[in-house]
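Dear colleague,

I am handing over the structure we spoke about, and I would be glad if you could look through it with the notes that follow.

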Amino acid sequence: VLCLVGNLHLSLCDWEPAQSIFDQLLQQKVPNVEAYSMLCLGNIYFDNIKKGKKYGKHLEHAAKWYERILVRDSANAYAANGLGTVL
């Protein structure tokens with residue numbers, strides 16, 4: 001249910017509530033949900049690269065989340081695509 005609520009916030013560009021929800025999901029340590037949460041957090045940082053003066057910081061955070069997924073599952077195409085976009 002939290003994934004759906006997080007996705008609703010993402011679709012409305014409500015970044016802070018979405019980030020909070022996906023952080024909560026990460027703490028639950030459910031493997032598939034954990035990977036999805038990391039992917040969403042990477043996407044949140046990537047979608048916000050143009051906000052303010054934090055361009056480089058947001059790119060680093062997005063890359064970090066995508067890399068974490070790829071360490072656990074090197075065949076995750078979504079994380080590979082996200083990392084490729086960041087680089």
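For the packing angles below, axes are lines fitted to C-alpha atoms, for helices over the stretch in contact, and the angles run from 0 to 180 degrees between N-to-C directions. On that basis, H3 and H4 pack at an angle of about 160°, and their axes lie 7 Å apart. Since angles over 145 degrees count as roughly antiparallel, H3 is therefore roughly antiparallel to H4, and the crossing of the two is left-handed. From H3, the residues Glu34, Ala35, Met38, Leu39, Leu41, Gly42, Asn43, Tyr45 and Phe46 take part, and they meet His58, Leu59, His61, Ala62, Trp65, Tyr66, Arg68, Ile69 and Arg72 of H4. By class, this contact comprises eleven nonpolar, four polar and three charged residues.

Helix H4, which spans residues 55–72, also packs against H5, at an angle of about 150° and with the axes 9 Å apart, so H4 is roughly antiparallel to H5. Here too the crossing is left-handed. H4 contributes Leu59, Ala62, Ala63, Tyr66, Glu67, Ile69 and Leu70 to this contact, while H5 contributes Ala79, Ala80, Gly82, Leu83 and Val86; ten of these residues are nonpolar, one is polar and one is charged.

Please bear in mind that this is a predicted model. The protein averages a pLDDT of 91, with 100% of the residues scoring at least 70. Confidence is lowest in helix H3 (residues 31–47), at a mean of 91, and highest in helix H5 (residues 77–86), at 95.

With best wishes

Methods: Residues numbered from 1 in each chain as written. Predicted model: local features only at pLDDT ≥ 70, side-chain atom pairs only at ≥ 80, totals over all residues. Heavy atoms only, no water. pLDDT = per-residue confidence, 0-100. Helix = DSSP H or I, 4+ residues; strand = E, 2+ residues; numbered from the N terminus. Parallel < 35°, antiparallel > 145°, perpendicular 65-115°, else oblique. Left-handed = near helix turned anticlockwise from the far one by under 90°. Contact = heavy atoms within 4.5 Å. Nonpolar A, V, L, I, M, F, W, Y, C, P; charged D, E, K, R; others polar.
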